[in-house]
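Welcome, and thanks for taking a look at this one with us. Here is a short briefing to read alongside the structure, grouped by topic.

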Amino acid sequence: MKRLLYLGMAVGLGAMAILGGCSSAPDKIRIGEVTRSLFYAPQYVALEKGFFQEEGLEVELSTIPGGDKVMSALLSDGIDVALVGSETSIYVAQQGAADRVVNFAQLTQTDGTFLVAREKTDTFSFDQLKGTVFLGQRKGGMPQMVGEYVLKKHNIHPQNDLELIQNIEFKNIAASFASGTGQYVQLFEPEASRFEQEGIGHVVASFGKESGTVPYTVYMTKQSTLDKNQDTIQKFTNAVYKGQQWVASHSPKETAEVIAKYFEGIKPEIMESAVKRYLEQGSYAADPILDEEEWNQLQDIMNEAGELKEPADYTKLVNTTFAKAAKEGK
């Protein structure tokens, strides 16, 4: 259904108006993020520290749960820029979209999930997962593909060596584990830190460390948008880079304090712990450049999951012009 939706939205879009918000008001950009996450801390810092305003931009941020829904909004001009996993741009390309979706600024560079065990252990090995119930992520999404990639790396076949549960919505996964489902679960922050604090579970491994550097969450837009709004996209990328540099040069506590308004209800110490964990494992990209080695690692992970129909051309689906100019201060 996901692929059909991408195709349906892509057909015939060439005749539609491009960058509805930015064509008439080039100082405004509508961002659609796939979820609200501490994983995206540099974005919220850029908003709160006024980096977008410094570039003369007005940003409208909305959260659109689900990569397919984010792509639908982008392709139908409901948003101007999508913040979502790079795999979604490949899915759209695989369906033959005339106006391809291009990745232009990377925000995160590792997987953001952690392996959480219900029982605490002093010595963990992935072999301990065999024969257990594993609460995973949605099939075809980056978290699940990375999860399977890491398990296979440790000689564990997800479909044969454990009971893999994938039919629970992303927003309900943490609650399902907390209520007793599964012996292991794959979780983002801040749930991983919160579960540790509350004694619900214990982090035993990082999928980000295990899978290496990948273009996990990236800002992307349509090729037609890049062609017609280069100055606006450059200003946007400059602001993102400022946010990345600020997070890299400040303490987890300072970052947690700046972005607190985006995460009401989460304890300050949990936020600080989560940001610290992501900083320590290099999850926040220090600059917005998506290099070819990372792109190839993404394709390896997708291919291993059976989700890559054919090689995805880096030169067509990635544009590093804006990211490099932002880093060089141009």
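## Pockets, packing and backbone

Helix α5 makes the largest contribution to the lining of the largest pocket, namely three residues. Please keep in mind that this is a predicted model.

**The largest pocket**

- The space in the largest pocket comes to about 1000 Å³.
- Two or more lining residues come from each of α5 (67-75), α6 (87-94), α7 (142-153), α8 (173-178) and β8 (184-188).
- The lining is made up of 39 residues, and those nearest the centre of the pocket are Val 34, Thr 35, Gly 66, Phe 170 and Lys 171.
- Sorted by class, this lining holds 19 nonpolar, eleven polar and nine charged residues.

**The second largest pocket**

- Here the space is about 200 Å³.
- Helix α6 is the top contributor to this lining, with three residues, and both α6 and α16 (314-317) supply at least two.
- The lining residues are Ile 90, Ala 93, Gln 94, Ala 97, Ala 98, Arg 100, Glu 310, Pro 311, Ala 312, Asp 313, Lys 316 and Leu 317.
- By class, they divide into seven nonpolar, one polar and four charged residues.

- The buried residues of α5 are Gly 67, Asp 68, Val 70, Met 71, Ser 72, Ala 73, Leu 74 and Leu 75.
- Helix α3 (residues 41-48) is mostly covered too, with seven of its eight residues buried.
- In α3 the buried residues are Ala 41, Pro 42, Gln 43, Tyr 44, Val 45, Ala 46 and Leu 47.
- After α3 comes Gly 50, which has a positive phi near 80 degrees.

**How α7 packs on α15**

- On the α7 side, the contact involves Met 142, Met 145, Val 146, Tyr 149 and Lys 152.
- On the α15 side, the partners are Gln 297, Leu 298, Ile 301, Met 302 and Glu 304.
- The residues of this contact comprise seven nonpolar, one polar and two charged.

- Gln 106 sits in strand β4 (residues 101-108).
- The relative accessible area of Gln 106 is 1%, so this residue counts as buried.
- Beyond its neighbours within four places in sequence, Gln 106 is in contact with Val 214, Pro 215, Thr 217, Val 218, Gln 244, Ala 285, Asp 287, Pro 288, Ile 289, Leu 290 and Glu 294.
- Leu 162 belongs to the loop between α7 and β7 (163-165), and at 8% relative accessibility Leu 162 is buried.
- The C-alpha atoms of Leu 162 and Thr 132 are 5.2 Å apart in space, although the two residues are 30 residues apart in sequence.
- Thr 132 is also among the contacts of Leu 162 once neighbours within four places in sequence are set aside; the others are Leu 129, Gly 131, Phe 134, Leu 151, Ile 156 and His 157.

**Backbone features to look at**

- Asp 77, which follows α5, is not a glycine, yet its phi is positive at about 65 degrees.
- Asp 77 lies in the loop between α5 and β3 (81-84) and is buried, with a relative accessible area of 12%.
- Asn 155 is another residue other than glycine with a positive phi, near 60 degrees.
- Asn 155 is found in the loop between α7 and β7 and is exposed, with a relative accessible area of 65%.
- The peptide bond from Glu 189 to Pro 190 is cis, and its omega is near 10 degrees.
- Pro 190 itself is placed in the loop between β8 and α9 (191-198).

Note on methods: Residues numbered from 1 in each chain as written. Predicted model: local features only at pLDDT ≥ 70, side-chain atom pairs only at ≥ 80, totals over all residues. Heavy atoms only, no water. 1 Å grid on protein atoms, 1.4 Å probe; cavity = no way out; pocket = protein on both sides within 12 Å on 5 of 7 lines; lining within 4 Å. Points joined across faces, edges and corners; volume = space filled by probe spheres on them. Helix = DSSP H or I, 4+ residues; strand = E, 2+ residues; numbered from the N terminus. Nonpolar A, V, L, I, M, F, W, Y, C, P; charged D, E, K, R; others polar. Contact = heavy atoms within 4.5 Å. Buried < 20%, exposed > 50% of the residue type's maximum accessible area, 1.4 Å probe, protein only.
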